[in-house]
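Hi,

Here is the structure I promised to pass on. Have a look through it first, and then read my notes below.

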Amino acid sequence: DGGGGPAPAPGAGDAPPSVDELPRGFVPKPPKKCLNCAASYESLRRCSRCKAVYFCNATCQREVWKEHLKTCVPAPLSAKAEAEKAEIEKLRAREEAAKTRPPPRPPPPQTTTPQSKPEQVKADELVRVRTAILPEVDRLMKLGEYEDAIEHLDDGVAVASAHDERELLDSLSCLVARCYLRLNKPKDARDGLNPALMQARREGGKNAMKPHSIAAEICKAMGDETQMRVELKALMEAAQDAGVDAREQGAALYLAGCLLDDVGDDAAATPLLTSAADAAEKTRDHGMRAGAMSRIGRAMMRARKPRGAIDAWTDELRALDEGERADAEDALRRVDVSEEKQKDKDKEGGDRGEGGEGEKQDNDDDAKTPSTPPLPYRPLGDARARRCRAHANLYAARAVTRDRPRADAHLDAALSIANGMGDARDVARELGKLWLQVGHARRLASVGEEGEEKDVAEAYERAAAKAREAGDDETAKEAEQGLAKSAGKKSP
């Protein structure tokens, strides 16, 4: 046909290929479809247990779970996984063989009828959630693999919902919401939290604290400040329950203060943060106390009360000092306990001789020796970055009050800490942020005095150079804008 009409769309009107036209051995891959509603699209979620069927979401999974459970069997492990499993079983067998086996107890008298099959299935499923799914979710969340964690959590939610395990369902729902928040998906986080949040609104009390706190974070991420305040009010009411201890109350106060501080409500945030700092001091939670005082100091600076900010940031440094000292004392205590136990073992081994009954008795002693008692405080960890920022904040406050000698002393301390942090890239990143803060402080404190403009420009130039060296484009851009403003030029 020599006509110039448009060519038909590919495949339009063509008959499907016959079996003879397909390559030999070709087996068409069945399309993925939701087991519940038969929807077919690329992002369907696969059953994490059998790996053979797909669901749109946890709702679809719950609706067909009881039927699917009849045919849902764990997918076969890969060769590598089989080898790892065999090795773990060997190690466990060795550990069991090394322990002293107590004499078997006679079986208790049968007072109840054996579990029926549905009850046994329920028990097995709940054990799988607690011993397999939750540990795997914890591992994935620590690695930042939140999508995979959500896939396992959906499986657990379906089990808990099918068997009406309310407490387990609430815990899983909170974890789902946390994962979606880390992925910056607040709407999905809200949907995932809904079962736990509805229960919290009905029941209240201590168990309502976690759902309300997560709901407040979700509302803040979605920009719904009004509902955030509603959730914070419910959190504060739940924190007054008789079963809530001082540390949990302090954490609730701290979260509420931080969220209100983030939305700029200093009048409401500062009293809450002050109460949180007091509670943290009583419970020896040095990190929370330091964080509360850091935010109080920033609120004071925004209110043009630099002397109040100096008091807050000085107390922050004091809390960091106490936390580091407590960590060091605990480390020494653990070393002493370990050395004392080793000396006792060596002495007893010499008295009894090696091997045989003596070795067996050593194993008994290890089993009876209590583990290190729980700490009476919350460990602080590496606080160098927090200490560096506290000194930088104190430099800014002292510079505003024209106390230049003390300001310079804090700047020297901050520079010394920053230069000792991690590798060269980490050092450059920390120095870039530090010099940016110094530039802001010097610009705020300058009132046309001789040489002030030069000091401001020097701080911003150093900040931009260090930020570019670290690949921190955001800090570099902010430093360049500050430099342009200090020179009286229009920011690009």
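Let's start with a question: does Asp-154 count as buried or exposed? At 7% relative accessibility, Asp-154 counts as buried. Buried here means under 20% relative accessible area, exposed means over 50%, and partly exposed is in between (1.4 Å probe, protein chains only).

Some housekeeping before the rest. This is a predicted model, where local features need pLDDT of at least 70 and side-chain atom pairs count only at pLDDT 80 or more, while totals for chains, interfaces and linings use all residues. Residues are numbered from 1 along each chain as its sequence is written, and side-chain values use heavy atoms, with hydrogens and water left out. Helices (H or I, at least four residues) and strands (E, at least two) are DSSP runs, numbered from the N terminus.

Salt bridges

A salt bridge is a side-chain nitrogen of Lys or Arg within 4 Å of a carboxyl oxygen of Asp or Glu. By that rule the count is 33. Asp-154 has one with Arg-45, with 2.2 Å between the closest N and O atoms. The two partners are 109 residues apart, with Asp-154 in helix H5 (residues 146-162) and Arg-45 in strand E1 (residues 45-46). Arg-45 is partly exposed, at 27% relative accessibility.

Asp-170 and Arg-166 make another salt bridge, at 3.1 Å between the closest N and O atoms. Both lie in helix H6 (residues 166-182), four residues apart, or about one turn of the helix. An α-helix has 3.6 residues a turn, so residues three or four places apart point the same way. Asp-170 is buried, with a relative accessible area of 16%, and Arg-166 is partly exposed at 28%.

Then look at Asp-261 and Arg-295, whose side chains meet in a salt bridge (2.7 Å, N to O). Asp-261 is in helix H10 (residues 246-262) and Arg-295 in helix H12, so the pair ties together parts that are 34 residues apart in sequence. Asp-261 and Arg-295 are both buried. They also belong to one network of salt bridges with shared partners, which includes Lys-220, Asp-262, Asp-266 and Arg-302.

On a 1 Å grid over the protein atoms alone, a cavity is a set of points where a 1.4 Å probe fits but cannot get out, and a pocket is an open set with protein on both sides within 12 Å along at least five of seven lines; lining residues have an atom within 4 Å of a point. Grid points are joined across faces, edges and corners, and a volume is the space filled by probe spheres set on the points.

The whole structure has one cavity of 30 Å³ or more. The largest cavity holds about 70 Å³. Arg-45 and Asp-154 turn up again here, among the residues that line the largest cavity. H5 gives the most to that lining, with three residues.

The largest pocket holds about 760 Å³. Its lining has 28 residues, and Arg-298, Trp-313, Asn-393, Ala-396 and Gln-437 lie nearest the centre. Helices H12 (286-302), H13 (306-352), H15 (384-400) and H17 (424-445) each give two or more residues to this lining.

Happy exploring!
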